[in-house]
Structure formats: C-alpha cells, structure tokens
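Here is a short briefing for a first look at a structure.

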4 protein chains.
Amino acid sequence: MLVVMQSHATAPQIDRVVAVITAQGLTPHVLPGATRTAIGMTGNTAAVDPGLFEGLDGVEQAIRVTKPFKLASREMKKDDTRMTIAGVNVGPTTFTVVAGPCSCESEALVMRTAEFLVSKGVKLLRAGAFKPRTSPYAFQGMGLEGLKLLAKVREKTGVGIVTELMDTEYASAVEEAADVIQIGARNMQNFSLLKRVGKCRKPVLLKRGMSATLDEWLMAAEYILAGGNYDVILCERGVRTFADHSRNTLDLSVVPPAKALSHLPVFVDPSHGTGKWAYVPAMSLAALASGADGLLVEAHPEPDKALSDGPQTIDFPTLEKLLAQLRQVAPILGRTV
Amino acid sequence: MLVVMQSHATAPQIDRVVAVITAQGLTPHVLPGATRTAIGMTGNTAAVDPGLFEGLDGVEQAIRVTKPFKLASREMKKDDTRMTIAGVNVGPTTFTVVAGPCSCESEALVMRTAEFLVSKGVKLLRAGAFKPRTSPYAFQGMGLEGLKLLAKVREKTGVGIVTELMDTEYASAVEEAADVIQIGARNMQNFSLLKRVGKCRKPVLLKRGMSATLDEWLMAAEYILAGGNYDVILCERGVRTFADHSRNTLDLSVVPPAKALSHLPVFVDPSHGTGKWAYVPAMSLAALASGADGLLVEAHPEPDKALSDGPQTIDFPTLEKLLAQLRQVAPILGRTV
Amino acid sequence: MLVVMQSHATAPQIDRVVAVITAQGLTPHVLPGATRTAIGMTGNTAAVDPGLFEGLDGVEQAIRVTKPFKLASREMKKDDTRMTIAGVNVGPTTFTVVAGPCSCESEALVMRTAEFLVSKGVKLLRAGAFKPRTSPYAFQGMGLEGLKLLAKVREKTGVGIVTELMDTEYASAVEEAADVIQIGARNMQNFSLLKRVGKCRKPVLLKRGMSATLDEWLMAAEYILAGGNYDVILCERGVRTFADHSRNTLDLSVVPPAKALSHLPVFVDPSHGTGKWAYVPAMSLAALASGADGLLVEAHPEPDKALSDGPQTIDFPTLEKLLAQLRQVAPILGRTV
Amino acid sequence: MLVVMQSHATAPQIDRVVAVITAQGLTPHVLPGATRTAIGMTGNTAAVDPGLFEGLDGVEQAIRVTKPFKLASREMKKDDTRMTIAGVNVGPTTFTVVAGPCSCESEALVMRTAEFLVSKGVKLLRAGAFKPRTSPYAFQGMGLEGLKLLAKVREKTGVGIVTELMDTEYASAVEEAADVIQIGARNMQNFSLLKRVGKCRKPVLLKRGMSATLDEWLMAAEYILAGGNYDVILCERGVRTFADHSRNTLDLSVVPPAKALSHLPVFVDPSHGTGKWAYVPAMSLAALASGADGLLVEAHPEPDKALSDGPQTIDFPTLEKLLAQLRQVAPILGRTV
C-alpha cells in the first residue's frame, strides 16, 4: 500500500499517516518526491484497508502496490532515484564511470590509478580489499590493510571509493572506508548481508546474481531498502548461460525492463560480463546506448601483471579512448559523462 | 589450408594452384582480396602438406587454418565481407536497417510499409511469406501468394526484399523473389537447407539458433560458404536462458567475438531478442554501439492488429524516431545509416 | 474440443459426429479407446460451440481442451498410447531398449551389432544412415547405401530399425527402410519435416530440441499427430545449459511432467544426454526409475574406432551388464524389459 | 601434492612428513585410509618438489594433484568418504533418507514428523529454523526458538537433525543444535560462511548453487575441507535453466561425475529440484538409480498447510510408499536404505 499525499500536505499531516501505519503494526517509509510526498508501508501479510487513510487530511490517494517488491518499484516511487556520491551525480541525466583494478594490490598501484582517473575526469575508483575467490588457495585480497590504503588514496586524490563487502563482520569497516558498498554477484541472496547493509548509511551497489531473474534482483534490493537504506544501485554483470564465447553472458536487455519496473539506477559491468578486455569498449558503449546510468569497469596500468582478472582488464590508453567515445555518444541520449 | 598468392600473381599462376588442389581430391575456393588473392581448400580429412604449394610460382605462403570453420574465418579472409543488396552497401562502414512486418498479411499492408520505409531512407523490407509457427493450428503465412505480393512491392517501390525460406522445396521460388534469403533460428542446423542455399545466388541472412554457440553458428555459415555462396550475413536474435524479463536473451556480447573470428557481417534482431516493442529502440542503439553492421526490426503501421508478433513490433513513429537517433550515433562509430 | 462418445455408441453415430465436424470446416480425429471412442477436432481459430454435439445420439460429452497441444494431450486421450514395433510392445508396462552404433559404418559392423542385440533379447537397432554433423567437412553418413544395408540386416536378423530422417527428400526411402523414423533434436522445429512424417505410416521418434520447453516439444509432436500419424514416441536427449560436466544436461525431470501432460511414450537417450559412456549405465537406470518407457543407447563393439560419437558409446559387455540390471529393477516398477 | 605412505608406515614416519610440509610454510592434511595413510598439503602457490618427500622413511610415493580442488578430489583420497551421523552410516553401501518439513513451524508439527519418520526407520530429520526467503516480507523462520525446538525433538525421539545455517553469527548455535549443518544453494559461494563451517565439528551438507559448475561446487567444498572439517556431503538440488516444466532442472547427471571426481557422498533433493510433489517419488527413485548416496526430501503431514514450499512437499502416505520402493530397488544396486 502506498499513501500519496497532496502536494500541499503539511508535516503534521504526514506524521499522522505515519502514526496510523505504525498503529497497524506496519513499518512506514516516507518517500519525498519532487512535487509530493508518498508514504509506503511494509510488513503486512494481508491486504491493508485503503479506508484507513483515504479520509485523513492531506491524503490524495491510497494505492495498492502489485509487485512483490514494494520500495524498489516504480509504482511506489515514480521519479528516478538520484544520489550524489563523492560529488558525483548519479541519475537519469548522467552516465557515471567507475573504474579501477580488480583488487587493491599495492598502494602504488591504487594511487597511480586514482591519479590517472582524476586526471581524465573519472571521480570514482573501484578496487577490492576483500575478494571472493573460487579457490580457497587463491589471493583473497589485502583485507583491512586494503581498506586503509583506499582511505589514504581517497584523502590524497579526492576520488570516491567503491569496494566490496563480503560479510557482516567487516560491515562497519567497509562502510567507513567506502563511498559505495559493493555487494558481489555471489552474495546477491546472502540475506543476512543484505539486511546488514540496509542499516548502513552509504549507497550500495548490488550486483545481479549469476542466475538471478529480474524479480529476484529487485527483491534483493528490497531487502536493503526495507532496512532503511534507499540508495541502491543495481549492477548487471553477466549471467550464466550455455554460451562460451564470453565468460558470462552480459544481459544488456535487462536494462530497459529494470528501469521500467524500478526507479533505482542501473549500472553495467562489462569486464565481468565479457571476461575479455578486447570486448569491453564495445559493450561499454552498448551499455550507454541501452539506457544504463553508469559503468563499472576494470582498468589497470599493466593488466598482464594484475593479481586477478587480468584478461578482462583494460589498460589506460584503452580507457581514455573509451571515455572520449562515451562523451561523444552520451549527449545524443540526454546524458553527460 | 590457405594458399596466399603474391600481390602480382597472374591468373595462370592462380589456375595452377587450383589444379594442384583439385588433383588432391579437394575443393578449391578462390577468394579475391583488396591487395592479393588467396585460395582456400576444403574437403581434407587430414592435414595437407604445405610443400605442395610453397614452391609454385606466385605463391607467397601456405597457412594452416586452425578453426573448424574455414571459409567463415578471419584467418582465411582478413578483410570484412562487403556486399551490395538492392543498391544498399552492407559492410564495416555502414549500418543497414531492414524493417517490416513479421509476415506478409496483405498487399495493402506490405505496400504501405514499403512506401513508408523508402520515404525514410530505409531500402530493405523484411516480411515473411512462409512462417515457422510453434503450433500447427496457427497462421502459417501466405506462402507462394506472399512471394508474388513481395515481388510486386519490390517492382513498384524499389525496396529490396528479405524473406524466409523454410524448406528446400521452395528454394527456387524464394531465391527469385528475395534479395536476401533468410534462414530462421529453428533451421540454423537444418543442414539440408543450408546446403541448398549454398547453391543459391542470393545473399543469405543466417539467424543464430536459440542455443547455438558461436562456433556452431559459424559452422552453419560454413555449410553455406562451402556450397559456393559467399554472401552470408549472421544475425543474432536472442538465445534461450533462464531469464524471464524478455522473450529471449539478446546476446549483444556475441557481436565483438563474431566479428573477431569471422569476416562476415553481423546483424541484430532486437524484436525477437526482446519480445517487447518498448525495449526495441534501446536495444537497437545498443546493437549499433556493440559493433553490429545492421538491424532487422519488426515494424507495422498498427502493431495491435498484426497477425503475428504484435507485442514485439514497433509502430512507424517509433521507427522514425529510432532512425533519427541511429543516424546521430552512427558517425561517431565510423558508420552511416 | 473433444467429443466423447458413450461406451455403446455405434459406428453410424460416430460417423454423424465426424460429419458435423467436417461441416464446420474442421478436421475430425477419431481416437478409439479401451472403453469408449472419442473424436477430437482441429483447425478451429475460435471456440467451437459444444451445443453442436451434445444433442447428438451416442454423445456422452463435449469437452474443451485447454492446452495448445490437442491430440498430444492427456485431456484428449486419457489412456497411454501403445504401439507394436517389429513385434516389440511399447507402452506403460514395458521398458523398450533400442541400441546400436551412432552411424551405419559398414555392413559388418551393423550385422555384428544386430546379432549381438538379438542374442541378448534386444529387438530394436538404432543406426544412422543420414547424419546431422556440425561441420560440413565431417562424415555425413552412408546415405541411401546405409538404408539398403539396414534393410538387409533387418531381413537377416529380424531386428527392427530406428533410423534418422533429415529432410523431406528422403522421407519415402527412410519410411520404407525404417520401423521407426527418428527426427533429430536439431530438426525438432523443422516444421516442413514434421508435416511430412505426419503423412508417413511408420512410428516417429521425436527427439527434444536442445532448448525446447516441454510445451514446444509437445507442439512439435502435435504437427505429426495433426498430419494423421498417431504413433509418436518422445525422446529426451539432454538440453543446453551452463553445466560443463556433461555434453548436455540430461533432463530426466521432464519425464514425469511429459507423461502427465501427454499420453505419448517417452524414451531417454543417455548417450547424447551425458556425452560420456562411463555415465550411461547409471543414467539409463535412472531413466527407468524416472518413469520413462524406453531407452535409446549408443553401443558399438569397439567404441574407440567408431566414426562418430565414440566417447559416448558403450561397448557390448557394458550393455550386457546394463540389461541385466534393468531387468532386475523394471519389475519393481511394473515393467518388463 | 599428496604424499602416500607405505601400508606399514609408523606414526613417527607420518609425523616427519608433516614436519617437512610445515617447514615449507604449507598446511598438512593427514588423511587416514583403509590400507594406508596419505598426507595432503595445501597453501602452495607454485609446484612443490616431490624430492622433498620421496627419500623419507615410510613414504611410498609423492603425487601431483592436477585438479584445482585438492582435498575434495579422488586423486588425493581414493576411498569413498564415510561418516556416521546420529547412528546412521552414510557412504557407498547405504542410501540415506533425510525427510521433514521445509521449516520448523511448531513443536507439534516437528514432533509429529519426527515420530512418523522414526516409526518408518528414517533417522534423520530436516527442518529449517533459519529460512532464506526471496522476499524480506516473507516468514523468515523461527530462528533460535526453532533450534531449541529441534534440540527437544532430538532428545525425545533420537532423530538426527539437519538444519540450515545462513550466517556466521549463528554458527555456534546451529553447530550445537544440528547433527548436520546445511549450507543452502544461495550461500554456496558465501566464502566467509564456508570458512566458518570449516571450523565446525559437525558434518556439513553443501547444496549446489543454482548455476554452479561441478568444479565450482567442489571448490566450495574445498573451502570447508581446507578449514579442517572433512565431513562434507554434496547435495544436488536443481539448477537454473530455460526449462519451465519444473521449478529448477534437477541435474541427476551430475551424480556420476561428482562421484568420479570426488570421494565425498552425494545426496539429491528432489523437492527443490522439481518444485512439484507429484514428481518427487519418481525423481527420488531416479536419484538412487543414478548412484546418489542419499536423499533430502520435504515431507509434511499436511502439505497444503505448510508455511513454505507446500507445493513441493509430499505427505506421509506418499513418503511411506516411496520408502518401500527405495528399499526394493536399493539392494539391486548394492545399497541398503
């Protein structure tokens, strides 16, 4: 159920609606919009009676939400979600590029990358301190040391940090170090972790699981939103199919329906999506053309020497050329890079 | 094995190589290039000795082809294949749009569509006279009557015709009526049909099968090329996956590797790929951005009234708007629409 | 619409119903059952009025069929379809084993295999004269010579022949040589071919396409049934998935729903399903346990020397041991091998 | 690297090998076998020199392990892993049935189920206290209360408990309450959780992820084994494919290769695998026939009233009939139920 307030509704009128929701044993979610406020509610096991709200002062309408995801749905929030991350505007009129190495390997590497990015106008750096690895014997990331290093790089260069959280134990540490907390594909349905980042006060980038349907992905986002963290970015990174020409099958066709069903921004990760650096620029441009709001791309000064994901990582000249092309195409689609 | 001739090689020198190949019981394929001629050979079950050719006059080099597909591979033909269809240049510097209704429904419909397309600068019309339908009880197309109708439309408007061939029985009729013979996804491995169109003298548009790997797709093309028809266009139209947000999963990430492994042009069909007209424009732009050479898109003056595929068919204003956007983006990528 | 006759309905009463159906421009299908006759009809584009039939003498009931497949559905025919092939009863109380080499390679091989099978109580031989091959350069089967050879083996050993038809051109030849006409997975939606075998008077074994849903598979069977050939055997042979531990993913879980939705017998091909001979016996037993009505298994006296499919082919001692196990398990499940 | 000791090797000889491994900075894993002891080692980033071990007293051979999974591989441990859980022998000569409701709903339900199971000779009960649910608004299980209830039921009936652990926070609680700790499909690559249960001293049942390859599954098991917990049971529960006739596609064909590559027991969950109770008995029998070592099946006295998974849950009479069939078939395959 969504209670839409009149455009001139007052704060006490809103409070009154909140109180009625709470009195029903439900959780209210106040969703301010450009021209009106709406108040969602979650926690009901049966249909809620619209009559409870329709007579109240300042209430325009009470609407049933038909999707299993509520707070993530366009039904409940019509306007695109916008957020500002380390000074970068994310939303429907921009195309946000996040770039950097797969993992924090050394301070020198991360600093060099951050400086390059900033010099090219890219203000968000991706780099993993905690790495989910298929093998228990593979490099698992620098851990807390990596977070410290990222904090240092942020302080020196002003770059915003996007980094992965793998378990609840390190949630506070990652929340502090990161400007965006990344949840990896393998953890998309790690519900304990989703609940935990719902309590964080940093935006969350939620990668799509390898075999997640669109509904399951939005339900995973709903776990975070329901916890009170409304700044969620969806990120497509390729799904598992029979196809063997790429590491995963990058499903760009999920972008238009994701944006139709949800108000959340949608990013694309063409590095994991293809697994081969040579295809990353073309798929990055295609991501922009498909309507995505941003890009998460692996870049490294010397991809051959990367400790992980080398084959899918582009080098700096390739990134620079890609940025130039993105900046030419974006305005045609009403966006700025 | 590929025998690369020197740039100044003479016709008799080429004939001599052809004769040596034939004497081995193999089939020669003379492949003229911009600066040199190369001669492929097929039919060998074991490795061919390069020494047979390397001593001959005019021979530069004899190269082993490592892929299971030979004539379709970049190893054998480095330059992109170009073709001219009804006056339209298909190749690496153009982006070819083919549009029209799923099926020939009536002369009025097809004529109206063709006139609209021509007025907007689109010179190739798609429309099926023979329709592969899941149900034996569904409309199966107008058949030979449809072909006559298409011929009439071609004569009146000058539009080129792309239409599907479903069985060997009608191969001659379709070859005569069509400027491009389409082979549908369900027939991608109908080897008898592939062999038959290898004997046709019209270009063939070969749709990717619903669960075909890239190698299998190129091997299907190889059946056509091996028959002596070198004008094959590959067309991605979505593959079968678990994803349920679209009718099929449009695999744009196959475009860059297809173009890396093969010299054949690659088109994209976003209508079957998504199954929903609202997502067709975004995915069309993404196809262009991904490096595709053209588009096969379902368009109809009144999609709601189409006898088949209505939900995935765009109307004329949507097509017009899409064309405008494609024409803005294409030059940035070195192409003209 | 299905018109169910009373148990004592007379031939003239049945003829009358057939005449009414024909008068509507529809095609009647008389379906005799153990205790009553039913008459299906196909060809309607809109709902048929039950009132046309319910008043006629001998009519018990007129029932709407809700599935897109009609003649293939349990709604239209409640009893399991049974057929006798070369003296072998196929149906719900038997488990039919069909074995033999992937392809007819030589008379000696096929004769040796047939004699072995007959000596072990297996009365149906599989062997391909026409082979669908991914590569145009691979061995394409012995063709018509292979059919002659199969006819000779049948005459000498009394074994029944299951062999593949790949195109309409050879339909009559295969129909004559075969006791069962096999349609391969790649041709499951080759609708021209399906229509053609609908006119044949030999049972058809229809393999499931590599990415066919159960509904699509039953609709493909419907093409054959609608042509008037009611003896169709469905054959699961593995589907395309991301899994790489087997050549295809043998979907035994399709057996129970296929048998629930349809009255047609369901066989399983564990050789193509797994792609590895070592897993064939276990999956054969699992096929029996899952409720399948028979098995199509590749066997060869010397799998290492087979011209095709060697790695998935079992040798004779393995087949013999498997038969013994099947014969122990089958009676527990109410079947005889 | 695996150091195989001679059959008469002494404890001090084994200790010496352990010391040499430790001195290399690697982790030794002593693996006692029926006739000889072997000592695995993990932690090396490069190949280890066999010469370090081959001269030592009591050493038979030093073998390189070629798979990415080491402790999970048959190369390192030839004999099938056996374990005894609440008095039940799990291994190659038994077929273990674990049954019960999806979730602990009430003491009455769980007690009634446990009593029924024990009366039918089933000694292991499955029931979830913590439930991974797609929706944040769905019933999330009874949590710690559920664990208490399970402990009570175990004490009263003697049944062993299989229950899921979803996050590290409750690891100790679940370890204490459970006889087998279940890791769900969605957490198969929750590496923090895998590391944690590697420290537990109860067997772990590891469900295959929805789109996990066999290698990834075994690598996930490796995380647990590498932590020092050698009692891991693999459990196939269906994978994500395009097929829509069942909730997931139960991949029985993974059983033979899993058992070929690994010594760990493999169970099958036909309830999640099919999603429909009517298909559970057939697929349970097929699981046994495919070579699985056990079954995890959802059963409930009144499936219609279950709080979760009702449609895939069998009732008691169905379970009883299934047990009878399993007990008839198992001896033919050399197992007892």
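Buried means under 20% relative accessible area, exposed over 50% and partly exposed in between, with a 1.4 Å probe and protein chains only. This is a predicted model, in which local features need pLDDT of at least 70 and side-chain atom pairs count only at pLDDT 80 or more, while totals for chains, interfaces and linings use all residues. Residues are numbered from 1 along each chain as its sequence is written.

**Positive phi angles**
- Asp309(A) is buried, at 18% relative accessible area, and has a positive phi near 65° although it is a residue other than glycine.
- Ala86(A), also not a glycine, has a positive phi of about 50°; with 36% relative accessibility, Ala86(A) counts as partly exposed.

**Nonpolar core**
- A nonpolar core is a set of buried Ala, Val, Leu, Ile, Met, Phe, Trp, Tyr and Cys residues joined through side-chain atoms within 4.5 Å.
- The largest such core has 337 residues, of which Leu206(A), Leu206(B), Leu206(C) and Leu206(D) touch the most other members.
- Leaving out residues up to four places away in sequence, Leu206(C) touches residues including Ile183(C), Trp217(C) and Val232(C), where contact means heavy atoms within 4.5 Å.

**Largest pocket**
- A pocket is an open set of points on a 1 Å grid over the protein atoms alone, where a 1.4 Å probe fits, with protein on both sides within 12 Å along at least five of seven lines; lining residues have an atom within 4 Å of a point.
- The largest pocket holds about 970 Å³ of space, the volume being the space filled by probe spheres set on the points, which are joined across faces, edges and corners.
- Its lining has 48 residues, and Met210(A), Arg240(A), Arg247(A), Asn248(A) and Glu216(D) are the closest to the centre.

Key:
Chains lettered and ligands numbered in written order. Heavy atoms only, no water.
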